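Subject: Handover of a structure

Dear colleague,

Please find below the structure that I am handing over to you. My notes on what was found in it follow.

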Amino acid sequence: MEKIYEMLIELHPEYDFKGNNGLIEEGILDSFDLVSLVTMLEEGFDVFIDALDILPENFASVDAIAKIIKKNGGAI
Amino acid sequence: MKYNNLINNINTIRKQKGHLSNAFFAGSFLADSLNNGTLKGIDSEDLVLLIDEKPDLVRVYFYALERNSLQKVRLLLSNYNKPIIIDVVGKDPQARDLANILINCGFEEYSKFVRMVNDKPNMPKYLSNSKVEYANKYDKESIMALLYSEFDPLFAHIPSQSEIEQAINKNEITVVRDDKKIIGLTFFEMISSTNIMFRYFIVDEEFRKKGIGGDLLFYTFNSYPEAKYTLWVGTYNKAMQKYERLNFKHDGLVDYILKLKEN
């Protein structure tokens, strides 16, 4: 989980991501961040995220991100 | 799903290290847009183009296996008789590099925008105390006319009548009138209660330097004092300096707008 936090902080050092379940809804991550985050996650966890899985709900929180990494065979 | 092959090809390209793309779609948006025909796909082995055809232009998103794959863009789009536009949004130097690759494939830089953010706006000092009010459903056509009079449709992402209608219904357009004529407007998007994106901010040329722009911004800043504000501004004029005076700062994101050169 720590690795996911590090990636999010790299994108937005100004936010406290802990316990936030509205990363997309609150506009903390926008569509441009999402593209960067997907690339970081794919490289950092050696996984591939299907284009149709790049959904707001899969990136709404650190837990949701961890879930999509695990679904694609990544180790958290 | 009728677009399965296209998605498979996009995924195949995305799996390759060094692939290139200017697309930033959520999966649901991509699926819906292909399903309802808003986006059309052109699929070749090492290049997928997603075409968003507008009345004035053709906007193109791509997934390319490598830089040479983009040499095919002109050929694949030869049936379109409208300006062909590609936006490259990102941070430099990556965005600049991708823009340069497209320039080597027959595109030219048409315009460049930067994104500015502001979480503590300075209130505008120059005001005229004009009456600012929310637009109503009868303003749709005047708003559209003002947008077209002020912005180049090739880069302004001018909204459709239905998008304007939705924004009016959500109280996302404020206007100032002279008699009944709209002479200034702000068109914003409430991403959340604390996150507002300014899409357009216009004062009719004839009514500038009177403080009307200040009134419009004051109204929004005052209505949502806790919000973070974001906007895109062209680097081709002095607007950027005006926004800096209001405490907007460039956040590093740039948008290179590239146009396919005519043969």
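D46(A) is placed in the loop between α2 and α3 (62–71) of chain A; helices (H or I, at least four residues) and strands (E, at least two) are DSSP runs, numbered from the N terminus. The phi angle of D46(A) is near 50°, a positive value in a residue other than glycine. With a relative accessibility of 71%, D46(A) counts as exposed. Here buried means under 20% relative accessible area, exposed over 50%, and partly exposed in between (1.4 Å probe, protein chains only).

In chain B, N129(B) sits in the loop between β6 (107–118) and β7 (132–134). Phi of N129(B) is near 60°, again a positive value in a residue other than glycine. N129(B) is exposed, at a relative accessible area of 68%.

**How to read the values**

Please note that this is a predicted model, in which local features need pLDDT of at least 70, side-chain atom pairs count only at pLDDT 80 or more, and totals for chains, interfaces and linings use all residues. Residues are numbered from 1 along each chain as its sequence is written, chains are lettered from A and ligands numbered from 1 in the order in which they are written, and side-chain values use heavy atoms, with hydrogens and water left out.

**Chain A as a whole**

Chain A contains three helices and zero strands, and its elements run α-α-α from the N terminus on. Its radius of gyration is 11 Å, close to the 11 Å that the globule rule gives for 76 residues, so chain A is as compact as a globular protein of that length. The radius is taken over C-alpha atoms, and the globule rule is 2.2 Å times the number of residues to the power 0.38. Along the principal axes, the C-alpha atoms of chain A fill a box of roughly 30 × 25 × 20 Å.

Of the 76 residues in chain A, 54% are buried. Among the contacts in chain A with a separation of 6 or more, 53% come from residues 24 or more positions apart; contact means heavy atoms within 4.5 Å.

**A buried leucine in chain A**

L23(A) belongs to the loop between α1 (2–11) and α2 (31–45) of chain A. L23(A) is buried, with a relative accessible area of 0%. Leaving aside neighbours within four places in sequence, the contacts of L23(A) include L8(A), F17(A), I28(A), F59(A) and I65(A). L23(A) and E57(A) are 34 residues apart in sequence, and their C-alpha atoms are 9.3 Å apart in space.

**Two loops in chain B**

D46(B) lies in the loop between β2 (40–44) and β3 (47–53) of chain B. Is D46(B) buried or exposed? D46(B) is buried, at a relative accessible area of 16%. The side chains of D46(B) and S69(B) are joined by a polar contact of 3.1 Å. A polar contact is a pair of N or O atoms within 3.5 Å; within protein, one must be able to donate a hydrogen and the other to accept it, and residues adjacent in sequence count only if both atoms are side-chain atoms. Not counting residues up to four places away in sequence, D46(B) also touches I13(B), Y63(B), A64(B), L65(B) and K72(B).

P93(B) is found in the loop between β5 (84–91) and α4 (94–103) of chain B. The peptide bond from D92(B) to P93(B) is cis, with omega near 10°.

Yours sincerely
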